[in-house]
Amino acid sequence: MRKKYSPIKAARCSITKHNYQVSHVVNERVQEMCCSKCGKQITNTIYGEVVPLNDLHLQINEALNDVARKRQKAGLVVSYS
């Protein structure tokens, strides 16, 4: 689902709004999203902020995914209240 980012299409998206679709679910709170028109990638943080997906956030998401997968494999229940 991830497309190559196109700055020309992104200029059009800045006028007509991006069409973000979930491309990867990291855990219950964090998702990676990609614009289906221009390929821009964003992610939301555990604090609810929406930020561009760069190398730092990609590494954080991979670490969160590893932790979530290990917890699920161990059968631990996580409750976010």
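## Asn 61 and its contacts

Leaving aside neighbours within four places in sequence, Asn 61 is in contact (heavy atoms within 4.5 Å) with Val 26, Val 30, Glu 32, Thr 43 and Leu 53. Asn 61 is buried, at a relative accessible area of 4%; buried here means under 20% relative accessible area, exposed means over 50%, and partly exposed is in between, using a 1.4 Å probe and protein chains only.

A word on the model before going further: it is predicted, so local features need pLDDT of at least 70 and side-chain atom pairs count only at pLDDT 80 or more, while totals for chains, interfaces and linings use all residues. Residues are numbered from 1 along each chain as its sequence is written, and side-chain values use heavy atoms, with hydrogens and water left out.

## Helix H2

Asn 61 sits in helix H2, which covers residues 55-74. Helices are DSSP runs of H or I with at least four residues, strands are E runs of at least two, and both are numbered from the N terminus.

After the helix comes Gly 75, with a positive phi near 85°.

## The sheet

Now for the strands: 4 of them make an open sheet, ordered E1-E2-E3-E4, with antiparallel pairing. Two strands count as paired if DSSP finds at least two bridges between them. E1 and strand E4 (50-52) are at the edges with a single partner strand each, so one side of each has no neighbour in the sheet. From one strand to the next, the twist averages 35°; axes are lines fitted to C-alpha atoms, and angles run from 0 to 180 degrees between N-to-C directions.

Strand E1 (residues 20-25) runs antiparallel to strand E2 (residues 31-35), and 5 bridges join them. Within that pair, Gln 21 stands opposite Cys 34 of E2, and Val 25 has Gln 31 as its bridge partner. The hairpin from E1 to E2 goes through 5 residues.

Which loop holds Lys 17? Lys 17 lies in the one between helix H1 (7-16) and E1. Its phi is positive, near 75°, in a residue other than glycine. At 58% relative accessibility, Lys 17 counts as exposed.

Methods
Expected span 1.5 Å × (residues − 1).
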